[in-house]
Amino acid sequence: TLRTRTGAKRLGLGGGVALNSTLNGRIVREAGFDHVFIPPHPGDEGIALGCALYGAERLRRADANAKSCAPVPLSPYLGSHYSDEDICEALEEFEPFLTQPSFEAANDMAAVLKRVARAIEGGAVVGWFQGRGELGPRALGNRSILADPRRRDMVDRLNSRIKRRESFRPFAPSVLADRAHEVFEIDESPADASGCSPFMSITVKVREEYQSVVPAIVHFDGTARLQTLQARENP
């Protein structure tokens with residue numbers, strides 16, 4: 001195996017093939033590496049960022065004053081940013097097609113989250129928009145469609161009316177890293193390579209007792225393409 005031939009404990013994957021979450025999951029679980037890193041943008045769009053990171057690291061090593069600086073963690077949220085003015089202009093442009101419910105404490109995030117949670121529980125589909133967009137093909141929480149995974153009909157609703165794609169395709173779950181092992185067949189430690197998937201890069205088995213509880217995120221083979229969330233990655 002590659003692990004045996006090289007003696008390496010860590011593996012990095014790149015290129016479009018690294019978007020194959022089923023293959024990635026098998027590599028993570030079966031190839032024997034302690035840690036497998038899959039960037040959120042492994043395709044061509046990641047080449048420019050890789051070149052920039054390589055150049056920055058070369059400069060850091062050449063600068064004696066910078067060697068003590070800790071590297072900045074890789075973030076997928078490097079896409080477009082829109083100001084409040086930009087958003088207001090967009091809302092005004094499409095105002096005839098929008099219903100904008102008003103509620104008190106609109107700037108209170110706790111109140112916003114409570115309202116959104118109630119809407120999802122009631123069967124609504126929510127478009128979540130915050131901060132900078134994701135660089136790469138996965139919606140990782142800043143430009144995401146949110147819905148209740150317990151509703152079996154949600155797959156057909158989203159695929160036919162919003163995503164407009166094949167009806168059999170399920171949706172990916174985003175879960176707290178320290179609770180993911182309760183629903184999915186992964187180790188309990190969120191830092192463990194077999195269960196850590198911050199960029200929605202691997203598929204894992206959904207525990208049998210939960211497959212009927214969250215059917216909208218379960219593929220035909222009992223797996224799901226998982227995103228594990230930790231506060232340091234997206235506060």
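Author: Let's begin with a term we will need: a residue is buried under 20% relative accessible area, exposed over 50%, and partly exposed in between. Keep in mind that this is a predicted model.

Reader: Thanks! Is Leu91 buried, partly exposed or exposed?

Author: Leu91 counts as partly exposed, because its relative accessibility is 34%. You can find Leu91 in helix H4, which covers residues 84–93.

Reader: Which residues form a nonpolar patch on the surface?

Author: Leu91 belongs to that patch, together with Tyr82, Ile87, Phe94, Phe97, Leu98 and Phe129. Their accessible area together is about 680 Å².

Reader: Where does Arg164 lie, and where does Met200 lie?

Author: Arg164 sits in the loop between helix H6 (154–163) and strand S5 (174–176). For Met200, look at the loop between helix H7 (180–183) and strand S6 (202–205).

Reader: Why does Arg164 count as exposed, and why does Met200 count as buried?

Author: Arg164 counts as exposed because its relative accessibility is 68%. Met200 has 5%, so it counts as buried. Across the 235 residues of the protein, buried ones make up 30%.

Reader: Let's go inside. Which residues touch the most other members of the largest nonpolar core?

Author: That core has 20 residues, and the ones touching the most other members are Val36, Phe184, Val206 and Ile217. The elements giving two or more residues to this core are H7, S6 and strand S7 (223–229).

Reader: What does Phe184 touch?

Author: Leaving aside residues up to four places away in sequence, the partners of Phe184 include Pro173, Val175, Val204, Val206, Ile217, Ala224 and Leu226. Lys205 and Arg207 are also among them.

Reader: How many helices and strands does the protein have?

Author: There are 7 helices and 7 strands. From the N terminus, their order is α-β-α-β-α-α-α-β-β-α-β-α-β-β.

Reader: And where is confidence lowest and highest?

Author: Helix H3 (residues 45–62) is lowest, with a mean of 85, while strand S4 (residues 143–146) is highest, at 95. The protein averages a pLDDT of 86, and 89% of the residues score at least 70.

Conventions. Residues numbered from 1 in each chain as written. Predicted model: local features only at pLDDT ≥ 70, side-chain atom pairs only at ≥ 80, totals over all residues. Heavy atoms only, no water. Patch = residues over 30% accessible without salt bridge, like charges linked within 9 Å, V, L, I, M, F, W, Y side chains within 5 Å. Areas by Shrake-Rupley, 256 points an atom, 1.4 Å probe, with all protein chains shown as cover. Salt bridge = Lys/Arg side-chain N within 4 Å of Asp/Glu carboxyl O. Helix = DSSP H or I, 4+ residues; strand = E, 2+ residues; numbered from the N terminus. Buried < 20%, exposed > 50% of the residue type's maximum accessible area, 1.4 Å probe, protein only. Core = buried A, V, L, I, M, F, W, Y, C linked by side-chain atoms within 4.5 Å. Contact = heavy atoms within 4.5 Å. pLDDT = per-residue confidence, 0-100.
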